[in-house]
Every structure is written in C-alpha cells, then in structure tokens.
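This report covers selected local features of one protein model.

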Amino acid sequence: MSNKKNLGFGLMRLPMVDGKVDLPLCCEMADRFLEAGGTYFDTALMYCGEQSEAAVKEIVTNRLPRDKFTVATKLHAGFFHSLEDRDTVFNAQLERTGVDYFDYYLIHAIDRNCYEKYTRLDCFNWLVEKKQQGLAKHIGFSFHDSAAFLDRVLTEHPEMEFVQLQLNYLDWDSEDVQSRLCYETARRHGKPVIVMEPVKGGILANLPEPAEALMKAAHPDWSPASWALRFVMELPGVQTVLSGMSNREQMLDNIATSTDPYLLSEADHAVIRQVAAILRGQTSIPCTGCAYCVTDCPMSIPIPRCFSIYNEDQQLYGGAGKNWDGSVWTPASTYYDNLVKEQNGAAACIGCGACAAHCPQHLDIPALLKDVAARFGG
C-alpha cells in the first residue's frame with residue numbers, strides 16, 4: 001500500500017504575464033489540483049511580488065465553498081515592527097485572501113536572526129490566541145536553521161502543532177540546510193512535517209544531462225521532479241508536500257506522482273544518491289529563487305536571477321575544455337547583458353549584507369555577487 005502524502009499547491013511561483021499573476025491559468029491549475037483531491041493552498045505576503053495572497057481570493061475563495069479548500073499563510077518578520085502591527089498584518093491577510101479564518105497559520109522562516117524579534121513581540125502567544133479565537137485552525141512555523149536550533153524552538157514552544165521544513169534529496173545531508181537532521185528533530189518532538197522546496201526551486205527539475213540520464217535509465221517515464229517529490233512524499237511523518245507549480249504541465253506531472261502507488265526501491269535511492277553527488281559537483285550557487293533576499297536590498301538587485309544565469313553559465317559552458325575565464329561569450333552572457341540593461345546587476349552591490357540576513361540557504365550573498373560581477377561585469 002502506498003504511503004504517498006497529500007500534494008500541496010505552493011503559491012510562491014505562480015505563472016505571471018506582464019508582471020501580474022495569470023489568474024485564468026491559475027484557476028485552471030487549481031481546478032486540476034482540486035479534482036485530484038488536493039485542498040492545501042500555501043501562500044505568504046511577499047510571494048509573487050506581494051500578489052499571491054490576493055490571488056487566493058480569485059483562484060479559490062470566490063469560486064468554492066469554504067469547506068472545499070484549506071489556506072495557509074504566514075507572519076514574516078520583515079512586515080511588522082510592533083505588537084499592533086501583528087494584527088494589522090493578520091487582518092489585511094484575511095481581507096486579501098477573502099477568508100474569515102486560516103486553516104494553517106505560520107510564523108515565517110524562523111532562524112536565529114529573527115527568533116529574537118518573534119519572541120520579543122510575543123508572536124507565539126499571539127498565535128495561540130488566534131487559534132483560540134477560531135481565526136487560525138492550526139498553528140506552526142517554517143524554519144531555516146540548524147537542527148540544534150530547531151530543537152531549542154520546539155522545546156521552548158511545544159504549543160506549535162507542526163513544522164514546515166526544507167526537505168529534498170540534495171539538502172538531505174547538507175551541513176548548512178541539515179534537511180535530514182531537522183526532519184529527525186521534528187519527528188523526535190512528535191511534530192507533523194510540511195515539506196517546502198522538495199524540488200529546490202527547480203534545481204532538481206532541471207538536471208545536468210549525466211544526472212538525468214541515470215534517472216531515465218531507471219524509470220523512463222518519470223520526470224526529474226517526480227523523483228524529487230517521491231523522495232519526500234515517502235518520509236514518515238510528512239503531512240503535506242508543497243510544490244511551487246508554475247504551469248499546467250508541472251501540475252499534471254505532480255498530480256501523477258502523488259497518486260502513483262509505486263514506492264522507491266533501494267536501487268532507486270542509489271540513483272538519487274548518485275544524482276545528488278553530480279549536482280553537488282556542478283551547482284555553484286545553491287539558490288532556490290525564493291527572493292527573500294531582495295526585500296531589503298537598497299540597490300534592488302534581482303539577486304536570484306543573477307545567480308540563476310551564473311549557474312546556467314557554469315553548468316552548460318564551464319566544463320572541461322571550455323575557456324570559462326570571463327572573457328568568452330556564452331548565451332548566458334547575453335541573458336545577463338539583457339538583465340543589466342533594465343536593472344542593477346551584481347556589480348551594484350554595496351556589501352551591506354541585508355540580503356544575507358534573509359537567506360534561508362545561509363549564502364554569503366555579497367561575496368557570491370562579486371563572483372557574478374567578476375564573470376559578467378556590470
């Protein structure tokens with residue numbers, strides 16, 4: 001019998017047209033998701049250029065009875081600065097999404113940098129009060145730090161009902177993300193886990209050719225994303241796996257994966273370990289594209305886009321026999337040149353570090369932007 005878990009619709013990477021959420025396509029995708037038995041829609045204030053929460057209202061709230069879907073959203077440290085701000089943010093979220101309560105409400109992206117603020121402004125007790133008032137049916141938090149720090153948070157706040165963790169096979173044994181160790185910590189505390197970044201911002205859906213060939217040889221009909229979802233869907237204690245689907249093809253592929261009763265074999269896990277080893281050797285900057293880093297950037301640098309172009313340049317054109325020294329044109333060079341015609345590039349970084357304070361991957365973003373600028377200029 002399969003122990004596949006519920007697929008959740010992550011609304012961080014919705015399809016966009018001319019800078020706006022493509023609502024007709026999103027409604028179509030939501031319909032497919034609901035028809036397959038999905039109910040969980042995950043949003044947050046900053047997603048899709050602060051359009052995601054409002055999209056919930058158009059995609060589901062205005063079209064469905066309230067008992068046919070569940071909504072999760074979050075309180076992020078960057079959007080409140082006083083006790084009064086907490087309610088201001090929460091009430092505005094209710095209005096934007098069009099619901100009168102949230103099924104899941106999370107304290108967002110806890111790490112040691114923002115935990116003090118959440119504690120000082122009494123956010124945990126505040127969230128318990130929201131549950132008591134019926135405004136948040138289930139309360140928890142998302143987390144980006146070490147397993148030891150997660151143990152501290154869960155010890156200090158056993159009232160939190162669940163934890164949202166970044167789990168995927170590439171980060172499973174990462175010393176920085178500590179996916180496995182954080183998962184084991186949540187299990188030890190008896191907390192259900194909601195999975196975020198199972199495909200690591202698309203990195204595990206777009207594999208280098210040698211890695212994808214290994215997977216195709218084992219299961220020709222599976223997409224790389226399907227492998228990534230299966231890895232986390234089969235973990236005991238996982239309640240929901242969020243996937244940030246950006247088009248109908250991704251939606252259909254993820255639905256097919258979540259409803260397939262096949263369970264990974266030990267041979268399949270061996271393939272996954274091989275693929276992870278290849279990726280660790282080829283991915284220069286493990287950015288997931290969450291764009292939290294952009295929020296307080298005084299230079300408005302499109303940091304995830306800079307990193308994406310840099311990674312593509314290295315993976316596709318930086319191998320053996322290539323003159324990858326900054327003087328050679330590649331298609332990625334053109335992408336970067338087009339980017340800096342309209343926005344500040346990596347060279348505009350002033351090294352203030354505001355970006356790094358927000359990075360869930362704990363990247364030294366100013367230093368990495370120097371690498372991008374050295375490669376492309378501008």
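## Loop between helix 14 and helix 15

Leu363 lies in the loop that runs between helix 14 (331-342) and helix 15. The model is a predicted one. Leu363 has a relative accessibility of 12% and therefore counts as buried, the cut-off for buried being under 20%. Apart from neighbours within four places in sequence, Leu363 is in contact with Ile285, Pro286, Cys287, Ala356 and Leu368. One of these, Ile285, is 78 residues away along the chain, and its C-alpha atom is 8.3 Å from that of Leu363.

Cys359 is also placed in the loop between helix 14 and helix 15. Its relative accessible area is 8%, so Cys359 is buried. Between Cys359 and Cys287 there are 72 residues of separation along the chain and 9.0 Å between C-alpha atoms.

## Helix 15

Helix 15 covers residues 365-376, and its 12 residues should span 16 Å at 1.5 Å a residue; the C-alpha atoms at its ends are 16 Å apart, so the two values agree. Its buried residues are Ile365, Pro366, Leu368, Leu369, Val372, Ala373, Arg375 and Phe376. Just after the helix comes Gly377, with a positive phi of about 75°.

Leu25, Cys26, Cys27, Met29, Ala30, Phe33 and Leu34 are the buried residues in helix 1. The elements that cover them include strand 1, strand 3, strand 4, helix 3 and helix 11 (248-258). Gly37 follows the helix and has a positive phi, near 100°.

## Aromatic pairs

Across the whole structure, a search finds 21 aromatic pairs. One of them joins Phe9 and Phe41 in a tilted arrangement, with 5.7 Å centre to centre and 40° between the planes. Since Phe9 belongs to strand 1 (residues 6-10) and Phe41 to strand 4 (residues 40-42), the pair ties together parts that are 32 residues apart in sequence. Phe9 and Phe41 are both buried. Phe41 also pairs with Phe33, in this case edge-to-face, at 5.2 Å centre to centre and 80° between the planes. Phe33, like Phe41, is buried, and is one of the buried residues of helix 1.

Elsewhere, Tyr115, Phe124, Phe141, Phe143 and Phe149 are linked into a cluster by ring pairs.

## Charges over rings

Two lysines are placed over aromatic rings. The charged end of Lys117 sits over the ring of Phe80, at 5.0 Å from the ring centre. Lys137 lies over the face of Tyr101, 4.7 Å from the centre of that ring.

## Packing of helix 3 and helix 4

The packing of two helices is described by the angle between their axes and the distance between the axes. For helix 3 (residues 52-61) and helix 4 (residues 83-97), the angle is about 35° and the axes are 7 Å apart. Helix 3 contributes Glu53, Ala54, Val56, Lys57 and Thr61 to the contact, and helix 4 contributes Gln93, Glu95, Arg96 and Thr97. Sorted by class, this contact has 4 charged, 3 polar and 2 nonpolar residues.

## Positive phi outside glycine

Asp18 is not a glycine, yet has a positive phi of about 55°. Asp18 is located in the loop between strand 2 (16-17) and strand 3 (20-21). With a relative accessibility of 77%, Asp18 counts as exposed, because exposed means over 50%.

Ser300, another residue other than glycine, has a positive phi near 50°. Ser300 is in the loop between helix 12 (266-282) and helix 13 (303-317).

## Val177

Val177 occupies the loop between strand 8 (162-166) and helix 8 (179-188). At 12% relative accessibility, Val177 counts as buried. Neighbours within four places in sequence aside, Val177 is in contact with Asp145, Gln166, Asp171, Cys182 and Gln361. The C-alpha atom of Val177 is 9.7 Å from that of Leu165, a residue 12 residues away along the chain.

Methods:
Residues numbered from 1 in each chain as written. Predicted model: local features only at pLDDT ≥ 70, side-chain atom pairs only at ≥ 80, totals over all residues. Heavy atoms only, no water. Axes fitted to C-alpha atoms, helices over the stretch in contact; angles between N-to-C directions. Helix = DSSP H or I, 4+ residues; strand = E, 2+ residues; numbered from the N terminus. Contact = heavy atoms within 4.5 Å. Nonpolar A, V, L, I, M, F, W, Y, C, P; charged D, E, K, R; others polar. Phe/Tyr/Trp six-rings, centres within 6.5 Å; stacked < 30°, edge-to-face > 60°. Buried < 20%, exposed > 50% of the residue type's maximum accessible area, 1.4 Å probe, protein only. Lys NZ or Arg CZ within 6 Å of the ring centre and 35° of its normal. Expected span 1.5 Å × (residues − 1).
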